[in-house]
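Dear colleague,

Here is the structure I promised to pass on to you. My notes on what I found in it follow below, and I would be glad if you read them with the structure open beside you.

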Amino acid sequence: MNAPLPGFVPLAYLSAAILFIVGLKRLSSPASARSGNLIAAGGMALAVVATLLTPGLEHRGLILTALSLGAVAGFVGARRVLMTDMPQMVALLNGLGGGAAALVSTVEFVHASRQFYPHHGVPLPGLLGTVIGAVSFSGSLIAFGKLQGIVSDRAIAGGILRILNAALAAVLLLAGGVLLGGGAAGWYWGLLAAALVFGSTMVLPIGGADMPVVISLLNSCTGLAAAATGFTLDNTALIISGTLVGASGTLLTQLMCKAMNRSLANVLFSGFGAGAPAAAAAGASGARPVREIGTADAAVLLANIRSLIIVPGYGMAVAQAQHVVRELADLLAERGVDVKYAIHPVAGRMPGHMNVLLAEANVPYTQLFDLDQINDQFERADVALVIGANDVVNPSARTERTSPIYGMPILDADKAQHTIVIKRGMSPGFAGIDNPLYYEPKTLMLFGDAKGAVTKLVGELKAQAA
């Protein structure tokens, strides 16, 4: 494929790039995300067709077979995977993208090593595609395991893994330098193995609640690996699409770190959350009085308000309570209550997790508000209903300088006239610290599973209306 490309191929790649950019822009809003996804998919389909029609392309049959298998697997996965399991699926898709980039780079190395590499060194794009793709592949598999419960989601704070990671990074640098200088092919396999192990050991120490940032970072790595592979294959569409994915993933990672008031290095290396069980025990032993409310009394309160802000969290996702939450909101809206949803950037297990769940429950996009849009409205809200959220509504982030979440922007649920917290018990969140919100005089604790508690609320409201 070294011959000049026919004119329609660069034109198709340019059109695909435009569709990628338009689609990515529309993905920034829940209201236009569906069309943005379709536009970007159309761009990818156009690029694939143009590549298949390129004269001189070999093994079209194998390529079409692989495309067919991937299409079937993607269709089945999209139909069967629950919305609550989307974080795992996203992590897996990230890993497959990175693995594909590493595999392509490896195949290119094998094909050309005997002719050129021992004398002229491995090209830098090939090295980057291998290393970044392998790290993304193995790291995404560990992220998938943590989210799926196959691997413990606890953070691991210890020096052994840090020493191992430092040693692996040194191996990668050494092997990469040797290969760039024309070293023997054996160094390449050592580089690939070290990158696979490094991806696993890099993600393994990170706690499950930090997986949104990790997934976003790995998504960026997958894009960069794809772009590097594009340089290896001299494919413009792959370079553009990979660069866009890498850039958007990097920006999202930065935004999420800012939302937690933590640096990326802190997320990756601090072992944040490793002390949660101990802190939980301490919180339980020093129990403070809380105001508990029953389902019937909570329903009476909600039936006599004018404004409600719902704060969903990971507990809502685990209980798969999004549909009954929307039913509750609809019942109150029929009574004239102004209902809004407050979405924290890092609520859940992936970027936009709460938005995805609520969209699946057909919650109107006009009712969804991010932190900056909604925070000044809590003071005017009659009730803030917190469903399965914890650290993202913890006032310690504003007041306690010694708190591990100090400085993290939170949703100001404590500023509402009343706050109802639906929670199984008094256990702390991922940060492992107690939440002063629970002990506020105007906070009412409704204990129970999120889905069960909200279902009972809906039943009580319907009974009152009958």
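Y341 touches I310, V325, R326, A329, L358, V363, Q367, L368 and F369, leaving aside residues up to four places away in sequence. Please keep in mind throughout that this is a predicted model. Y341 also belongs to the largest nonpolar core, a set of 42 residues, where it is listed with L308, I310 and I387 as having the most contacts inside that core. As a general background to this, nonpolar side chains tend to be buried together in soluble globular proteins.

Six strands make up an open sheet, in the order β3-β2-β1-β4-β5-β6, and their pairing is parallel. The edges are formed by β3 (368–370) and β6 (443–447), each of which pairs on one side only, and neighbouring strands of the sheet are turned by 25° against each other on average, direction ignored.

Going through some of the pairs, strand β1 (residues 307–312) and strand β4 (residues 383–387) run in the parallel sense over five bridges, and the bridge partner of I310 in β4 is L385. β1 also pairs with β2, again in the parallel sense, over four bridges, with D338 in β2 as the bridge partner of S307. Why can β2 be called largely enclosed by the rest of the structure? Five of its six residues are buried, so the strand is largely enclosed.

Two helices that lie across this sheet deserve a look. Helix α15 (residues 322–334) lies across β1, β2 (338–343) and β4, and runs at about 150° to β2. Helix α19 (residues 450–465) lies across β4, β5 (418–423) and β6, and runs at about 130° to β5.

Two loop residues in this part of the chain can be taken together. N394 lies in the loop between β4 and α18 (396–399), and I433 lies in the loop between β5 and β6. Are these residues buried or exposed? N394 counts as buried because its relative accessibility is 0%, and I433, at 16% relative accessibility, counts as buried too, because the cut-off for buried is under 20%. Beyond four places in sequence, N394 touches I405, I410, I433, D434, N435 and P436, so that I433 is one of its contacts. I433 and V324, on the other hand, are 109 residues apart in sequence and 29 Å apart in space, C-alpha to C-alpha.

Elsewhere in the chain there is a helix pair to examine. The axes of helix α6 (residues 124–148) and helix α8 (residues 186–203) come within 7 Å and cross at roughly 35°, and the crossing is right-handed. The residues of α6 that meet α8 include L127, V131, V135, F137, S138 and I142, and those on the α8 side include Y188, L192, A195, F198, G199 and M202. S113, which lies in helix α4 (residues 86–113), counts as buried at 12% relative accessibility; S113 and A185 are 72 residues apart in sequence and 7.2 Å apart in space, C-alpha to C-alpha.

Two residues stand out for their backbone angles. Most residues other than glycine have a negative phi. The phi of D234, however, is near 60°, a positive value in a residue other than glycine, and that of Q320 is likewise positive, near 55°. D234 is found in the loop between α9 (211–233) and α10 (236–260), where it is exposed, with a relative accessible area of 65%. Q320 sits in the loop between α14 (314–319) and α15, and is partly exposed, with a relative accessible area of 35%.

Finally, a word on confidence. The mean pLDDT of the protein chain is 87, and 92% of its residues reach 70 or more. Over residues 276–286, however, pLDDT stays under 50, and for this stretch the model has seven contacts beyond four places in sequence. Where pLDDT is low, the predicted coordinates should not be read in detail.

With best wishes

Notes
Residues are numbered from 1 along each chain as its sequence is written. This is a predicted model: local features need pLDDT of at least 70, side-chain atom pairs count only at pLDDT 80 or more; totals for chains, interfaces and linings use all residues. Side-chain values use heavy atoms; hydrogens and water are left out. Two strands pair if DSSP finds at least two bridges between them. Axes are lines fitted to C-alpha atoms, for helices over the stretch in contact, and angles run from 0 to 180 degrees between N-to-C directions. Contact means heavy atoms within 4.5 Å. Buried means under 20% relative accessible area, exposed over 50%, partly exposed in between (1.4 Å probe, protein chains only). pLDDT is the predictor's confidence in each residue, from 0 to 100. A nonpolar core is a set of buried Ala, Val, Leu, Ile, Met, Phe, Trp, Tyr and Cys residues joined through side-chain atoms within 4.5 Å. A crossing is left-handed if the near helix is turned anticlockwise from the far one by less than a right angle, and right-handed if clockwise.
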